Structure formats: C-alpha cells, structure tokens
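The note below was prepared for a colleague who wishes to check selected contacts in a structural model. Please read each point alongside the coordinates.

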Amino acid sequence: MLSIVQSLHFFALYGVSLTGLFLLSAIPSEIVGLYLHQSFAGSSEMSGGFADLFISVLIEPLAMGAAIFFIASRDQGGNLSLYGSLIKSMGIYFQLAISYLIVLVIVMLGFSLYLIPGFYLLYKLMFVEFRVVLKGEPPMEAIKASFNQTRGQWSLLFLPFTLLLLALTSSQYLIRYLLIDQESVLLLQIMGGILQAPFMAFAVVVGFRLFSLTSQPLS
C-alpha cells in the first residue's frame, strides 16, 4: 500500500500536468476512432475491432512514453517539461508502438482463453513500456524482462495491481453509465476520453512507483 500512498502524493503535485497529457491524446483518439467506426459501418465486427486496435497502437504509446519520461524526471528532481517528454517519446515511438501492440495481442489472447490467463498476463507484462522507455530495451527483451521482474513479487505488486485494475474497470463502467443518455455520439466519445484521462494518468504513476520498487536504481 505504500506505493499507492506515494503515488497519491506524486499525483497531487503533478496530476494536472499528466492528466493534460492524456487529454491531448484522448481527444484526437476518440475523434479518429469514431470516424473509423463510421467508415466500417456495415462491415464485419472484426473490422470495428481492427479500428480500435489501430487507434490504440497509433496514439496511446506516445502519451504513455511521454508520461513515463515526465514522471521519471520529476521523481529524480529534474524539470523535464511535457513538451520535452513528448519529444523524447517520439524518438522511441516505433519501439513503444511495437511493444504496445505485442502486449495487447498477448493479453487479448489470454482473455480469449479465460479471465485468469488474461489477468495473469496483464500482471506479468505490466512493466514492458517502462523498460522500453527507461531501460532502452527492445520490445521482446522488455517482455522477457517484465516476466522476470514480476517473479516473486506478489506480496508487493498484487494488491496495488488489483486495486488499480478495479479502479480503471469501475471508472469505465461509471463513465458509460453517466454518458448513456447523451444524444451526440461524438460528444459522448470525447467526454468519455476526458473523464478517463485522470485515471490513466494515475495508473502510470502507480506503475512507475511499482517499477522503481522492483528494479535497480535508474541511471
């Protein structure tokens, strides 16, 4: 629970900046996603799923990488700006996008079997993006290292991971419930992205704290 307390303290200081970063990615992501869904209207359900996957891989890794760079800098007493974080994230965008796609596909395959394999893989792969950003590892090496890093860490990681997963899942259901009566589909999509942004920002903060506690000091 110490990781949650530390994350809340950090989020109190920089939560607005991090939320703004995820807003910058969420709004265009929702707009482009809606456009693609309308383009695939009448097509197979698989086409709609491909649209969601394409948008996730296209935009979310950039925001994730920038958030990790920003958090790492401030955690070490630096003053890297959000703009500087985005520039650094763009420099490794290809590696981030590839690792994000591989992790997403692996986790989806796990959930296609049963819930437990899906959650297990989600847990074992929680540090992949952090290793790509902060350790400079290629995607497959980062995946292997994330499996190793989480080994034997159940007492430290399981409770924060579970609480964070519950918070993210609950927030998604709450957002859908609050926006269910909206008439404009585009407005619903954008508002959903806006409401989800602080939860995503806090999730990265917690992830970074857990990563720091289970890895060697960052150079």
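The points below concern helices, aromatic pairs, salt bridges and individual residues.

1. Basis of the note. The model is predicted, so local features are reported only at pLDDT of at least 70 and side-chain atom pairs only at pLDDT 80 or more, whereas totals for chains, interfaces and linings use all residues. Residues are numbered from 1 along each chain as its sequence is written, and side-chain values use heavy atoms, with hydrogens and water left out.

2. Helix α4. Helices here are DSSP runs of H or I with at least four residues, numbered from the N terminus. Helix α4 covers residues 93–113, and its 21 residues should span 30 Å at 1.5 Å a residue (the expected span being 1.5 Å times one less than the number of residues). The end C-alpha atoms are 30 Å apart, which agrees with that expectation.

3. Buried means under 20% relative accessible area, exposed over 50%, and partly exposed in between, with a 1.4 Å probe and protein chains only. The buried residues of α4 are Leu 96, Ala 97, Ser 99, Tyr 100, Val 103, Val 107 and Gly 110. They cover an arc of only 165° around the axis and therefore lie on the same side of α4; the arc is that of the directions from the helix axis to the C-beta atoms. On the face turned away from the buried side are the exposed residues Phe 94, Leu 109, Ser 112 and Leu 113.

4. Ser 89. This residue belongs to helix α3 (residues 82–91) and is buried, its relative accessibility being 0%. Its side chain reaches the backbone nitrogen of Ala 66 at 3.3 Å. Contact means heavy atoms within 4.5 Å; setting aside residues up to four places away in sequence, Ser 89 touches Pro 61, Leu 62, Gly 65, Ala 66, Phe 69 and Leu 96. Leu 96 is also among the buried residues of α4.

5. The stacked pair. Rings of Phe, Tyr and Trp (its six-membered ring) pair if their centres lie within 6.5 Å; planes under 30 degrees apart count as stacked, over 60 as edge-to-face and the rest as tilted. By this rule there are 10 aromatic pairs. One of them joins Tyr 123 and Trp 154, which are stacked because their centres are 4.6 Å apart and their planes are at 15°. Tyr 123 lies in helix α5 (residues 115–124) and Trp 154 in helix α8 (residues 154–178), so the pair ties together parts 31 residues apart in sequence. Tyr 123 is buried at 2% relative accessible area, whereas Trp 154 is partly exposed at 46%.

6. Phe 158 is partly exposed, at 42% relative accessibility. Tyr 123, Trp 154, Phe 158 and Phe 161 form one aromatic cluster.

7. Salt bridges. A salt bridge is a side-chain nitrogen of Lys or Arg within 4 Å of a carboxyl oxygen of Asp or Glu, and the structure holds two. In one, Asp 75 and Arg 209 meet at 2.7 Å, N to O. This pair links distant parts of the chain, with Asp 75 in helix α2 (residues 45–75) and Arg 209 in helix α9, 134 residues apart. Asp 75 is partly exposed at 34%, while Arg 209 is buried at 13%.

8. Arg 131 and Gln 149. Glu 137 forms a salt bridge with Arg 131, the closest N and O atoms being 2.8 Å apart, and both residues are buried. Gln 149, in helix α7 (residues 139–150), is buried at 7% relative accessibility. A polar contact of 2.6 Å joins the side chains of Gln 149 and Arg 131; such a contact is a pair of N or O atoms within 3.5 Å, where, within protein, one must be able to donate a hydrogen and the other to accept it, and residues adjacent in sequence count only if both atoms are side-chain atoms. A polar atom of the Gln 149 side chain also lies 3.4 Å from the backbone oxygen of Phe 211.

9. Ile 194. This residue is in helix α9 (residues 185–213) and is partly exposed, with a relative accessible area of 36%. Its C-alpha atom is separated by 8.4 Å from that of Phe 22, 172 residues apart along the chain. Not counting residues up to four places away in sequence, Ile 194 touches Leu 23 and Ile 27.

Definitions and conventions:
Helix = DSSP H or I, 4+ residues; strand = E, 2+ residues; numbered from the N terminus.
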